[in-house]
Amino acid sequence: MRFDNQLMAPVALALLTALVVSFLMTPVVKSFAYKVGAIDVPKDERRMHHKPIPRLGGLAIFAGFMASILLFVDIRLNPQMQSILLGAVIIVVLGVVDDIMALPAKLKFVIQIVAALIPALNGVSIQALSNPNIFSPNAYWVLNWLSVPITVLWIVGITNAVNLIDGLDGLANGVSAISAATVLVIALICSEAQVAVVMAALVGACVGFLPYNLNPAKMFMGDTGATFLGFILSTMSIQGLFKFYAVISFAVPFLILGLPIFDTAFAMIRRMAHGQSPMHADRGHIHHRLIDMGLNQKQAVATLYVISGILGLSAVVLTTGGEAKAMLLLIALCVVAVVAARVVFPKEVKEELHEELEELTELGHHEEKDKQKEDGSHE
């Protein structure tokens, strides 16, 4: 692997262009959101805000991204990039309509599959996976006919996973920026110019919108932004990670997108365990649990940023230094994060957790005494 210094200039320009366009377009999109009635009104306990806030901010992110792509990426002779952008446009249009008037989940799911099929049938597909069984003589699994369905599953899954973590001010936007920055670093290390420029544009577009989206948020990116970010991250991870399976481990994309993947998987398991549909909305996501622990929005978002950053850094080390170094780094950073959390968490959070533990212990003693009384009465 070699680092190409000549990539730095177009990468920096792509990032800066997307950042400026996204930042300048947000007030324009905000006015448009008010005109078309794309307003998020807090109507249930899942929402963390207490007053109506305009959404559709994803349009500003999309505008910044596209402006940078059209300037710095030659897509005329690149059918794969064309297919990714066409699918992204479908996702954005779907998101805009959904942000203005809520669409049925099944309809959105079908359209997302159609959007995912466009790149999957045009060369943007997962052809092989590195074999996690280190004792197997086969280093890779060649997917053959399974390539397209697995690719569609990956794209639709990540698209919705990013959307599901969009529950706190700046969370999905910041986590997506961290994930995109990780892919950018790996692309630079592997001298993959196109992937690097596209990821730089995505990072810039996210950062440009972030000042309006951080707590207290002045605007939400809505499904328009969350699904667009998920779609680009999933498709470009195929181009920049799965595509070069001989170089990059199977675990890398899962580390980079670990937070939304884990949260989505946990949510589906939790809902099915309660006899609910996997698509049923609830208040059990990781960010909700952090809020219930006593953290405020800024603390919860910062905590999840750190987790996402740890996973991303581990992915970079896995790419450059191998599995052993990445595992040691991941363990070390997790230990540091736990220690830091104990120091940084406010005193009242610790006291609240201590009180809850005492209540549970006391409740257990009462139940044990009641059981003893019942046993005595039976005798």
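The protein chain folds into 14 helices and four strands; helices (H or I, at least four residues) and strands (E, at least two) are DSSP runs, numbered from the N terminus. This is a predicted model, in which local features need pLDDT of at least 70, side-chain atom pairs count only at pLDDT 80 or more, and totals for chains, interfaces and linings use all residues. Residues are numbered from 1 along each chain as its sequence is written, and side-chain values use heavy atoms, with hydrogens and water left out. Of the 379 residues of the protein chain, 46% count as buried; buried means under 20% relative accessible area, exposed over 50%, and partly exposed in between (1.4 Å probe, protein chains only). Among contacts between residues at least 6 apart in sequence, 73% join residues at least 24 apart, where contact means heavy atoms within 4.5 Å.

- Helix H4 (residues 105-120) has 16 residues and reaches 22 Å from its first C-alpha to its last, close to the 22 Å expected at 1.5 Å a residue; the expected span of a helix is 1.5 Å times one less than its number of residues.
- Buried residues in H4 are Lys108, Gln112, Ala115, Ala116, Ile118, Pro119 and Ala120.
- Helix H6 (residues 171-189) has 19 residues and reaches 27 Å between its first and last C-alpha, close to the 27 Å expected.
- H6 is mostly covered, with 16 of its 19 residues buried.
- The 15 residues of H2 should span 21 Å at 1.5 Å a residue, and the end C-alpha atoms of H2 are 21 Å apart, which agrees.
- Buried residues of H2 include Gly58, Ala60, Ile61 and Phe62.

**Where H1 meets H2**

- Two packed helices are described by the angle between their axes and the distance between the axes.
- The axes of helix H1 (residues 8-36) and helix H2 (residues 58-72) come within 7 Å and cross at roughly 145°; axes are lines fitted to C-alpha atoms, for helices over the stretch in contact, and angles run from 0 to 180 degrees between N-to-C directions.
- On the H1 side the contact includes Leu13, Val21, Met25 and Phe32, while on the H2 side Leu59, Ile61, Phe65 and Leu71 are among the residues taking part.
- By class, this contact of H1 with H2 has 15 nonpolar, five polar and no charged residues; Ala, Val, Leu, Ile, Met, Phe, Trp, Tyr, Cys and Pro count as nonpolar, Asp, Glu, Lys and Arg as charged, and the others, Gly among them, as polar.

**Aromatic pairs**

- The structure holds four aromatic pairs; rings of Phe, Tyr and Trp (its six-membered ring) pair if their centres lie within 6.5 Å, and planes under 30 degrees apart count as stacked, over 60 as edge-to-face and the rest as tilted.
- One of them joins phenylalanine 23 and tyrosine 212 in a tilted arrangement, 5.4 Å centre to centre with 45° between the planes.
- That pair links distant parts of the chain, with phenylalanine 23 in helix H1 and tyrosine 212 in helix H7 (residues 193-213), 189 residues apart.
- Phenylalanine 23 is partly exposed at a relative accessible area of 36%, whereas tyrosine 212 is buried at 16%.
- The rings of phenylalanine 62 and phenylalanine 228 have centres 5.3 Å apart and planes at 90°, so this pair is edge-to-face.
- Because phenylalanine 62 lies in helix H2 and phenylalanine 228 in helix H8 (residues 222-240), the pair ties together parts that are 166 residues apart in sequence.
- Phenylalanine 62 counts as buried at 16% relative accessibility, and phenylalanine 228 counts as buried at 0%.
- Phe62, Phe65 and Phe228 are linked into a cluster by ring pairs.

- Serine 147 is found in helix H5 (residues 147-164) and counts as buried at 4% relative accessibility.
- Leaving aside neighbours within four places in sequence, serine 147 is in contact with Ser125, Ile126 and Gln127.
- Asparagine 213 has its place in helix H7 and counts as buried at 3% relative accessibility.
- Not counting residues up to four places away in sequence, asparagine 213 touches Asp169, Gly170, Asn173, Met219, Phe220 and Met221.
- The C-alpha atoms of asparagine 213 and glycine 170 are separated by 5.1 Å, though these residues are 43 apart along the chain.

**Backbone details in the loops**

- The peptide bond from asparagine 215 to proline 216 is cis, with omega near -5°, and proline 216 lies in the loop between H7 and H8.
- Leucine 56 has a positive phi of about 75° although it is not a glycine.
- Leucine 56 is found in the loop between strand S2 (53-54) and H2, and counts as buried at 0% relative accessibility.
- Serine 191 also has a positive phi, near 55°, and is found in the loop between H6 and H7.
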